[in-house]
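Please consult the sequence and structure shown here while reading.

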Amino acid sequence: MKKVRIALLGLGNVGRGVWRILNSNKEEIMKRSGYEVEVAKILVRDLEKERGVNTPREILTTNFEDIINDDSIKIIVEVMGGIEPAREYMLQSMDKKKHIVTANKMLLATGGDELFKKADSEGVMFHYEASVAGGIPIINGINESLTANKVEKLYGIVNGTTNYILTKMELEGLDFNEALREAQEMGYAEADPTSDIEGYDAQYKLAILSSLAFGTKIEVENVYREGITGIKSIDIEYAKEFKKVIKLLAIVKENDGKLELRVHPTMISKNHPLANVYDSFNAVFIRGNAVGDLMFYGRGAGDLPTGSAVVSDIVSILRNNMDIENLVPVLKNNLWNKEIKSINDIESKYYIRITVEDKIGVLGEVTSLFGEKNVSLLSVIQRGRDKEHDKKVTLVLVTHYTNEGNIREALKEIYKLDSIYKVNNIIRMEEFR
């Protein structure tokens, strides 16, 4: 049996998962790859730290030079995260003709083009399945299985933390803060959960998926982003009344050669497959012009699911012949230039919840202003007085499909009305048409 020596950059949550899988599934990996995989070095910050896995002391190092200057190490597995020094370590490794496997979504979303070009120029393989949706093989699915298709739309629940929070709010009636606190206790949310709950994590992942699915370079700042911090229990209840659920969706669609890219809370029919993705699970729903609708579903995070995707990338490199002179260049994500739509140019249905003064004529003022801005209302619900604010009532409006710019223009005028106390929430509604 041939042997290949690899190095891990990092031994955190994902790194431990990789180590465990390489050891517990050693025989399966050998049979499927044709190689015995040996972890020759592991880069760590602290040699004395207890990590919960038994790694030989002699393979641990705090010095990257021990790895980069070892010509017997053929594959670098970057699981340290962050931008630097991960980026510099990968570039240096490619200079030494070492293949790369990474799970670094932030770096790929913000600086992936540099890494892809470097891999091409050096003739090394660069794999990143674990950067999106943990153990779900979505990158390989797009890169390999869907290459005969033109992808038309992609919808993803790609952040397990926010999906867990929204699940608890929907099924157990928790408010946002209670659900977040439970997510932190379960280890799904960090002490600082900003990246998850404000949608940054999903934004990075959508940039990566969109680049692959639509063959174009995507700048992460072109992905419109909203988090879930504004979702209240009352919004969850209204969604149920409409036979819908609220999910944080990552959405990309192509219309007339233009892409709309957005991450935000979305009301979807409770009968859609994505509506039944609960807890920390992830799912990606894709529509191809030949294959139709597909959905990939599974654990989106965790040491073993994400470690599984990393090890799969290692096996893929081994199967594809590691000899530099025999390599096919890395698949590029800049095959076409596509224009990105402004969020003001998208069309959607909208749920709008407003608190207003309880007096005659307010409803007429609000609906008239929407009409003046070409926003057609599908339904209007007026509830009784607000428990916290006497003499105020709640209006819930649902629009027909309409232009977002028109919605925003109408709301500018509505804000000016003396009878408006607060525009509490605006949530887009998706019908997967």
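## Salt bridges, a helix and a hairpin

Glu-122 is buried, with a relative accessible area of 16%. The model described here is predicted. Glu-122 forms a salt bridge with Lys-118, and the two residues, four apart in helix H5, are separated by about one helical turn. Helix H5 (residues 105–122) also holds Lys-117 and Asp-113, likewise four residues apart; their side chains meet in a salt bridge. Asp-113 is buried, its relative accessible area being 14%. An α-helix has 3.6 residues a turn, so residues three or four places apart point the same way.

The structure holds 36 salt bridges, including the following pairs.

| Pair | N to O distance |
|---|---|
| Lys-118 and Glu-122 | 3.5 Å |
| Lys-117 and Asp-113 | 3.2 Å |
| Glu-36 and Lys-26 | 3.8 Å |

The pair of Glu-36 and Lys-26 links strand S2 to helix H2, the residues being ten apart. Glu-36 is partly exposed at 22% relative accessible area, and Lys-26 is partly exposed at 36%. A network of salt bridges links Lys-253, Glu-260, Arg-262, Lys-341 and Glu-430.

Asn-159 caps the N-terminal end of H7 through a side-chain oxygen 3.2 Å from the backbone nitrogen of Thr-161. Gly-173, with a positive phi near 75 degrees, follows the helix.

Strand S11 pairs with strand S12 in the antiparallel sense over eight bridges. A hairpin of three residues joins S11 to S12, and Phe-285 stands opposite Met-295 in S12.

Technical notes:
Residues numbered from 1 in each chain as written. Predicted model: local features only at pLDDT ≥ 70, side-chain atom pairs only at ≥ 80, totals over all residues. Heavy atoms only, no water. Pairing = 2+ DSSP bridges. Polar contact = N/O pair within 3.5 Å; in protein donor to acceptor, adjacent residues only side chain to side chain. Salt bridge = Lys/Arg side-chain N within 4 Å of Asp/Glu carboxyl O. Buried < 20%, exposed > 50% of the residue type's maximum accessible area, 1.4 Å probe, protein only.
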